[in-house]
Amino acid sequence: METSHQRSDTKYQQVIAELELRLEQGVYQAGDKLPSIRQLSGQLGVSKNTVIRAYQELEASLKIEAHPRSGYIVTECPRLETQPIQTPGFVDLLSLSRTVLQDSLSPALLPTGSAHPNTHFPAITSLYAEIGRHSRYQTHVPSHYLLPPGDEQLRKQLVTVNQWHGITASASEILITHGAQQGISMALQALTSPGDTVVIESPCYFGNLLLLESLGLKVVEIPSSLQSGMDLHRLSQALQQWPIAAILLNPSFNNPTGSVMPLAARQQLLAMTQGIPIIEDDVFGDLAYTGRPPTLYSMDDSHRVIYCNSLSKTLDSRLRIGWLLAGRYQPQIEKRLLADNMGSLNLMQSAVAEFLKTGKYRTHLGKIRRFYHQNQRRFSQLLCTTLDSYPWLIGRYHLNLADGGFLCWLTLPEQADSDMLYQQAHQAGISILPGTMFSTLENYRHCLRLSYAAFEDNKRWHTGIGQLAEIIAAHLKPGSKMDATQKRMMQ
């Protein structure tokens with residue numbers, strides 16, 4: 001006959017199993033505060049003593065730690081060593097991405113899914129005034145192509161911008177591109193042939209996935225931590241298994257998760273990938289709230305890192321002004337740039353060059369960093385408070401907040417379907433991006449990418465966030481059919 005003591009042991013072990021599952025699924029991350037004893041007791045339908053015992057066991061195994069007056073904090077997240085790396089495969093995201101992107105263009109939607117910057121700043125007004133002046137000037141200049149590497153004055157100004165990143169490069173080393181996306185495309189075309197395999201982070205910016213799809217390249221997705229980026233242990237395994245033509249990654253404030261690769265990991269990455277070209281996407285690097293991480297390009301002494309950046313996230317995505325530093329691959333990429341478009345946007349490049357000369361750009365960067373940081377605090381507090389108003393959601397989601405940029409990554413319980421949530425939110429007038437857009441696999445179906453770039457502390461946003469939380473809560477509500485977690489706890 002089962003004793004009450006045996007039943008108690010079973011209960012606390014079930015609680016431990018449930019918490020460990022949440023850690024594995026990314027619901028809780030290192031540094032996160034766990035639900036209070038009372039909250040978790042209510043969520044799982046067990047006694048407070050059972051929760052206390054489970055927390056004590058997890059603390060003894062060093063997975064969590066007790067903080068006076070703060071409760072329990074996650075100290076580490078398990079690594080799923082047993083899961084094999086996915087075999088290289090082709091990308092097939094075009095149809096989904098086209099639908100979502102077309103829908104998100106509607107000005108009637110609350111722009112929670114947009115990755116465009118906020119343009120309501122004095123510097124943007126000055127910039128467009130400069131564009132207007134240069135537009136009038138163009139009528140007095142004979143028509144001509146602006147050939148690669150691009151406007152000389154703009155490249156000279158970008159020498160200074162690169163120096164802010166710790167990058168020393170001459171104007172002759174800078175190639176102007178039609179946004180960072182063209183730079184990444186040119187780099188991939190110079191480094192690979194159709195059917196080659198490229199390593200990417202997982203999750204990965206969908207625009208880069210679409211590039212890989214259009215070029216007929218295979219990808220190996222390397223799992224990434226929400227805090228520190230690409231798992232270098234898994235990368236090492238991939239390098240041993242398959243011939244890799246290039247590595248494409250966004251190490252500073254990754255889109256979509258916001259992860260930042262630490263300095264030691266960057267050094268390790270360069271050391272373990274000797275001979276393999278690396279394409280560094282750094283479009284969010286200038287939006288660091290406290291300290292800009294060093295670029296891989298500045299740390300590379302072999303000239304095999306191709307650095308891609310743009311003004312799309314710091315000024316306006318409509319400018320389509322990007323640049324790259326191609327290192328040893330500059331001749332091939334410059335040739336491809338010439339063949340690709342026979343020239344660039346004369347008007348925009350000359351106007352932006354003149355704007356950068358004024359010194360207003362650096363002042364603007366300081367303003368938008370503070371603005372986005374403040375927006376992050378207000379947006380996250382509103383969203384989490386609203387989600388927590390539904391008891392069955394408390395402690396069952398994770399909102400990853402980076403120390404830069406204007407994006408955040410919401411991880412929901414695994415049964416969540418982000419495609420369905422996207423459809424329901426769209427019908428309610430809210431733009432969000434489903435996690436399925438950021439992988440060739442099904443690993444992020446329970447995740448959402450959200451933006452607070454345009455957030456305003458007003459009725460429209462408060463109502464919209466409330467509606468989004470309500471949609472998520474209804475989607476995950478146990479209802480009359482008890483969910484699997486509660487069933488396990490009741491058995």
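The model is predicted, so to speak of local features pLDDT of at least 70 is needed, side-chain atom pairs count only at pLDDT 80 or more, and totals for chains, interfaces and linings use all residues. Residues are numbered from 1 along each chain as its sequence is written, and side-chain values use heavy atoms, leaving out hydrogens and water.

**Strand β13**

Five of its five residues are buried, so β13 is largely enclosed by the rest of the structure. Here buried means under 20% relative accessible area, exposed over 50%, and partly exposed in between, with a 1.4 Å probe and protein chains only. L407, W409 and T411 point one way, while C408 and L410 point the other way.

| β15 (residues 447-451) | antiparallel | five | L448 |

β12 and β13 also form a hairpin with five residues between them, and G405 in the turn has a positive phi of about 75 degrees.

**A surface patch**

Elsewhere, Y145, L147 and L338 make a nonpolar surface patch of about 320 Å². Patch residues have over 30% relative accessible area and no salt bridge; nonpolar side chains (Val, Leu, Ile, Met, Phe, Trp, Tyr) are joined within 5 Å, like charges within 9 Å. A salt bridge puts a Lys or Arg side-chain nitrogen within 4 Å of an Asp or Glu carboxyl oxygen. Areas come from the Shrake-Rupley method with a 1.4 Å probe, and for residues only the protein chains shown count as cover. L147 sits in the loop between α5 (122-138) and α6 (152-164), and is partly exposed at 44% relative accessible area.

Technical notes: Helix = DSSP H or I, 4+ residues; strand = E, 2+ residues; numbered from the N terminus. Pairing = 2+ DSSP bridges.
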